[in-house]
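Open the model in your viewer and keep the selection tool at hand. We will go stop by stop.

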Amino acid sequence: MSHWRQHPLPWLIATVALASLPQLMTMPAPLVLLTLSPMLWRGLAALRHWRPLPSLVRIALTFAGLAMLVLSYGNLLGRRAAVGLLTVMLAMKLLECFRARDARIVASLTLFLCSTQFLFSQGLPMVFYGIGVSCGALLSLALIERHDSWGRSGQTPPSGLGLRRELGFGSRLLLLAVPMALAVFLLFPRWGTPLWGLPEQSLDARSGLSTSMTPGSIQGLFMDDSPAFRARFEGSLPSREELYWRGPVMWNFDGRSWSFGGWMRGLERQTLPNADAAPYRYEVQMEPNERHWLFALDYPGLIPDKTRLTEDFQLLRQRRHAITSLFRYDMVSDPGFQDSPELSIVLRNAALQLPEQFNPRTRELVERWRAETPNDAALVRRVLAHFNQQPFRYTLNPPLLSRHSVDEFLFDTQAGFCEHYASTFTVMMRMAGIPARVVTGYQGGWYNELGNYLLVRQSDAHAWAEIWLPGVGWTRIDPTAAVAPSRVEDGPLDALNQRRHAFDFPWMRQIRNGFDILDRTWNQWVIGFDAARQSNLLGIIGIEKLQSRDLALLLAVVLLLGSVAVVPWLKRLGKRRERDALLRQWRRFIGRLADAGVPVSAALGPLEVGAAAASHLPTQAQAARQLAQEYLAQRYGDEAGDREALIQGLKKFRARTEKHGS
Amino acid sequence: MTTFAPPAPSRLSRWQPGKRLSRWFLTRLQQRRGVTHLPRQLAYRDIYILPTPFGYAFAVLLIFTALGGLNFNNNLALLLVFTVGTLAQMTTFLAYRNLTGLTVTTLFAEPVFAGQTARFQLRLHNEEARYRYSVQSAKANHSDGDCKDIPPDDSACLKLPQSASERGWLSAPALRIETRYPLGLFRAWTWLFPSARCLVYARPTANPPPLPLMGHGASGPSRRGEGDQLHGLRTYQAGDPLKRIAWRSSARHDALLTREMEAPQERACVLDFDQLTGMELEQRLSLLTAWVLLADQQQLSYSLHLPTLQIGPASDTPHRLACLKALALYDA
């Protein structure tokens, strides 16, 4: 019996476990249990020599798994749900993994499962995940093969050279494979446009700002440190007070939550800032979030492809073009642009809409202030001063609010997050008859000096208000800044005097931000590599405007040349080089003779080799026989001859084969 | 821990349209190649390589993954496919290298009786400095065979069972030496058409009638020194085996005594083909074979009389083998 390390099953189970790890982290607990239990069962079955489960039990378990998946995900159309299905079924397959065939299927499918995980994230950690799964799968396949070959004649394979030497061998092989794989990666013809898109209902909208804002929605994002996007500025960098990245704009308020007016989707912006005169030009590299919004500083002057700019300056991707992979766009912004000096009656009504019979105390307060102040601007100042002077707190854990949320916030709790301030301020403006709306997006960012780019994380999510003033147009007001000015100056993490979780230290955040440049480079060069980059790259070395067919041809040539280089390497792999130069040359001499069709092998004596060569190569009979005799004399004779000359002679000998009449 | 169960015979494996084709191909190849003379070192033109069914399935899986990766421009998935694909492609070379340079030294089988299984032994020698893993041998058109590793500068013996139903010479079948090393994606193999043969003795009759004994043999008085009956005691001489020393008697006589043994008196018999009248040829040969075995077992001196030749009388192993061979190859 061989050692467990030589047996494929532990490796196979470990590979399945590793491959399903990212999926397990997103699955509800019952499904995690359902996925892990077949692995455990199969391991115990091997140790305790259990028999396979009856097929009825397996079918019942499969259906139970399907039912649990549908219950957890609603349907099986979403990508998470589909990958969940794959994960659960792959684990279930272990239950019937008693033949080499099934084991091979499982090992190969772990590779497929691994590649589906790349749909959700292609970050640097996923590289290690991919390497781990492929090594596990290949090792499992190798061991399965070994056990299958031996098992067919009823034997258990002996342990081979030992895991260490075999891993060494495998890694050298990998070293040879990687350059070839990179060549294929660079030269493989890419598709400019996808053949099939993702159906909208299969999107999961994993992260980022959503189409509605309820108290707590931005606070959830605040816990999330993953990058939202990165922006690289050409020329001057805006000041922190200008770094308002505009996202979903909320018009509708139902007393509790704000929502994006779907009707706005159809309302396209007519007048744009002049792109040529805009002071800020930058390139945004956006992480996939499966949503439709692009982010830009106020006010965007360019409209990327397959995108529309709505009346309220939201950049919305078209249907079926949600951001499902790393997305890059160029943008210009002009903060000085005057947005809508005139407001149509429809928009004005929309920006004043409020549900009746909510928040009576606030309404009363606003009406009192309205009477006391001469104009809109004074009223705004009054409200902001109220926020600033009253003991309002900026906090991560605001008390829960009920029906009259604005009343309770304004008079009772006085503690909240940016969304509370933006929402309350906007409601108050509408009560005072000033058109107002809530804008969500990101504020600030971390400037990476080494990479010269601005990193915006999900935790930078923010909400602010915009009011419309006659003659001035829409004007941004950030009530949070009145309460906690450091929110805008230093970012939300420093504005709070509390840690978000046990490992949330400023120095850790600094290190993480510093390492973000690796992620960005990875994004830039590996994840973002597409048809356009490919043609740019080939352009650098002077190959331009290649068709797919030419690319395939180029790839074939490179691979062929690569093989020519790799095959001798492979040939030498695992071979011991003969130390004795004379013996080495003698063996090569015999090898060349054998290649020329002379029936010789290393097992023959020198005289036999000479005789065989002489009879098969009549024109070189003399030379061959002489070399053989000289070799015999030097190796076995008494006197030492000219060793170097013999080595050279053996080296230079080339068998000339000619067709003699047969 | 259990190894994997052998593949179940499925309906698919019984349906083999390619079997006739491959038999035809093999006949053609054998005609062209002729007999493989041993020893033979496998060269690159001897070695064929093709994907296994699993290899094809794996390729389909990789292609689908690559299509998905291309469609969503998912570069990590593409990198995974390209790296694994390149490695898989490289295994063709490893499989080829696992066979090339291997020397087929001998193919040989001990004689068996008809109805038994002849065990051909194929000896492979690895004169190179690298390990060769999981080298298998199988009869052509049979899927499974013996499997061995061959360490550097070492050889291994692979068994090839072949059922022997008729007496006479059993030729070694056309053979395959193959390997699916390292991942089972590709199978490299070579054909061998060896000239080796196995002698198949006639099938001995079960429960044969008693031997036709003919009184005492001509070998004279019983031989001393060997056998299993006690003849007497004599004084120890240097060189007598220790187990022959009669320790108890030696103690009584103050001198080492050795037991002298003798073989029972030999009897003789003549196994005559012509006396077995009223039987078919094969029945006669079977009966004679059974008698030869019986006589040998009883350590009789016996002789075999066939119409064409006479052997014996004798009672030793070479005699038995000569008799069995004569019966196996008897040609009426």
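**Start with chain A.** Colour it by domain: domain 1 covers 4–160, domain 2 covers 193–483 and domain 3 covers 581–652. These bounds come from an automatic or database domain assignment. The centres of domain 1 and domain 2 of chain A, taken over C-alpha atoms, are 45 Å apart.

A word on what you are viewing. This is a predicted model, where local features need pLDDT of at least 70, side-chain atom pairs count only at pLDDT 80 or more, and totals for chains, interfaces and linings use all residues. Residues are numbered from 1 along each chain as its sequence is written, while chains are lettered from A and ligands numbered from 1 in the order in which they are written.

**Select residues 29–48 of chain A.** This is helix H2, with 20 residues. Helices (H or I, at least four residues) and strands (E, at least two) are DSSP runs, numbered from the N terminus. H2(A) reaches 28 Å from its first C-alpha to its last, close to the 28 Å expected at 1.5 Å a residue. That expected span is 1.5 Å times one less than the number of residues.

Which residues of H2(A) are buried? They are Leu31(A), Leu34(A), Thr35(A), Pro38(A), Arg42(A) and Ala45(A). A residue is buried if 20 or more other C-beta atoms lie within 10 Å of its own, exposed if 12 or fewer, and partly exposed in between; C-beta atoms are placed from the backbone. Now show helix H1 (8–24), helix H3 (55–73) and helix H4 (79–93) of chain A: the buried residues of H2(A) pack against them. Then step just past H2(A), where His49(A) takes a positive phi of about 60 degrees.

**Move to a sheet in chain A.** Select E6, E9 and E8: they form an open sheet of 3 strands in the order E6-E9-E8, with antiparallel pairing. Strand E6 (293–294) and strand E8 (307–309) of chain A stand at the edges, each with a single partner strand, so one side of each has no neighbour in the sheet. Two strands pair if DSSP finds at least two bridges between them. E6(A) and strand E9 (315–317) of chain A have 2 bridges. Pick Trp293(A) and you will find its bridge partner in E9(A), Leu316(A).

**Switch to chain B.** It has 7 helices and 18 strands. Of its 332 residues, 34% are buried.

**Show both chains.** Here 49 residues of chain B are in contact with 68 residues of chain A. Contact means that the C-beta atoms of two residues, placed from the backbone, lie within 7 Å. On the side of chain B that touches chain A, H4(B) gives the most, with 13 residues.

**Zoom in on chain B again.** Select E4, E12 and E9 of chain B: an open sheet of 3 strands in the order E4-E12-E9, with mixed pairing. Its edge strands are strand E4 (112–113) and E9 of chain B. E9(B) and E12(B) run antiparallel, joined by 4 bridges. Look for Leu170(B), which stands opposite Cys198(B) in E12(B).

**Last stop: residues 317–328 of chain B.** This is helix H7, with 12 residues. Its buried residues are His319(B), Arg320(B), Cys323(B), Leu324(B), Leu327(B) and Ala328(B). Among the elements covering them are helix H6 (281–297) and strand E17 (301–305) of chain B.
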